[in-house]
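This report goes through a few annotated and computed features of one protein chain. The sequence and model come first, followed by the commentary.

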Amino acid sequence: MAVTLNNGFKMPIVGLGVWRIEDKDMRDLVINAIKIGYRHFDCAADYKNEAEVGEALAEAFRTGLVKREDLFITTKLWNSDHGHVVEACKDSLKKLQLDYLDLYLVHFPVATRHLGVGNTGSALGEDGVLDIDTTISLETTWHAMEDLVSMGLVHSIGISNYDIFLTRDCLAYSKVKPAVNQIETHPYFQRDCLVKFCQKHGICVTAHTPLGGAAANTEWFGSVSCLDDPVFKGLAAKYKRTVAQIVLRWGIQRDTVVIPKSSKPERLEENFQVFDFELTKEDMDLIKSLDKKYRTNQPAKFWGIDLYA
């Protein structure tokens, strides 16, 4: 099942996120995911595992498990490379062992001090606050992203973690419209206004953290996951599904692409088994009532500044 982007390319509606997947687990994860049916993989330079993903993809192509054109591969430009977009994209392509990307995203709407292409640290100033580069505008970054399309290095370009204001600006100054805005959205952080704004203007919304971060964000940020909500446990029992499957199905039915992350084989399979049932309108409305405007991904912990404030 796929959505058609504003440039005609198709993007599978369920993908696998590889954030915080350990290097030693990557090969088996990617190979197993492809065997289960995953055709969409969401990567990023900042995840520091593109090379491991690339090794697994190369094996999958070499053994005939899947063809390159059957996969949709996303990766992202890191904050410190906004002034070096082409070089950063080529570095990711080299690590992923690919000739082109299906989608390349601006990971965050902020340029920071350059540390060398491929070095995805977050430089802090003497005050312990993220060293933001005020000489590079998001418009400049976007026009460099557009060059990647004309160069044939990427099929589609998009944005990530952009709010309504920044998305509107990107639409205004872009020659190549963003195909995707990847944002945190889940039942506790539904962001209906942003989702509907993007969809109204032909931008596909991809939900990162579609399960509310679960154990990973609890460990890093101390956040609470919607997976423990008794309403979802009740719905899981009603539909004879896991809580995660209910949450992912909700994301799909609001026309967002979902990219859950898991390194456990049984969860990997469960997260993909979301196409053979449908939530009723009443249950969709029930889930809508659970919104807490609760962000679970909090990079301010590492950056010394809350960019969402």
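Where does Tyr47 lie? Tyr47 is in the loop that runs between strand 4 (40-42) and helix 2 (50-62). Helices (H or I, at least four residues) and strands (E, at least two) are DSSP runs, numbered from the N terminus.

The model is a predicted one, in which local features need pLDDT of at least 70 and side-chain atom pairs count only at pLDDT 80 or more, while totals for chains, interfaces and linings use all residues. Residues are numbered from 1 along each chain as its sequence is written, and side-chain values use heavy atoms, with hydrogens and water left out.

**Annotated residues**

UniProt, in an unreviewed entry, lists Tyr47 under "active site". The "binding site" annotation, also from an unreviewed UniProt entry, covers His107. UniProt positions are given in the numbering used here, feature names are shortened, and annotations may be inferred rather than shown by experiment.

His107 is found in the loop between strand 6 and helix 4. Contact here means heavy atoms within 4.5 Å. Leaving aside neighbours within four places in sequence, Tyr47 is in contact with Val18, Trp19, Asp42, Lys76 and His107.

**Accessibility**

Residues are classed as buried (under 20% relative accessible area), exposed (over 50%) or partly exposed (in between), with a 1.4 Å probe and protein chains only.

| Residue | Relative accessible area | Class |
|---|---|---|
| Tyr47 | 16% | buried |
| His107 | 7% | buried |
| Thr141 | 1% | buried |
| Val247 | 1% | buried |
| Gln97 | 41% | partly exposed |
| Lys293 | 68% | exposed |

**Helix 3 and helix 4**

How do helix 3 (residues 85-96) and helix 4 (residues 138-150) pack, and at what angle? The angle is about 50°, and the axes of helix 3 and helix 4 are 9 Å apart. Axes are lines fitted to C-alpha atoms, for helices over the stretch in contact, and angles run from 0 to 180 degrees between N-to-C directions. Helix 3 and helix 4 are therefore oblique to each other; angles under 35 degrees count as roughly parallel, over 145 as roughly antiparallel, 65 to 115 as roughly perpendicular and the rest as oblique.

On the helix 3 side the contact is made by Val85, Val86 and Cys89, and on the helix 4 side by Thr141, Ala144, Met145 and Leu148. These residues divide into six nonpolar, one polar and no charged. Ala, Val, Leu, Ile, Met, Phe, Trp, Tyr, Cys and Pro count as nonpolar, Asp, Glu, Lys and Arg as charged, and the others, Gly among them, as polar.

Thr141 lies in helix 4. Apart from neighbours within four places in sequence, Thr141 is in contact with Leu77, His82, Val85, Val106 and Ile136.

**Val247**

Val247 has its place in helix 9 (residues 243-253). Neighbours within four places in sequence aside, the contacts of Val247 are Pro187, Pro210, Leu211, Cys226, Leu227 and Phe232. From C-alpha to C-alpha, Val247 and Leu98 are 33 Å apart in space, and they are 149 residues apart in sequence.

**Positive phi**

Most residues other than glycine have a negative phi. Gln97, in the loop between helix 3 and strand 6 (101-106), has a positive phi near 60°. Lys293, in the loop between helix 11 (281-288) and helix 12 (300-303), has a positive phi of about 50°.
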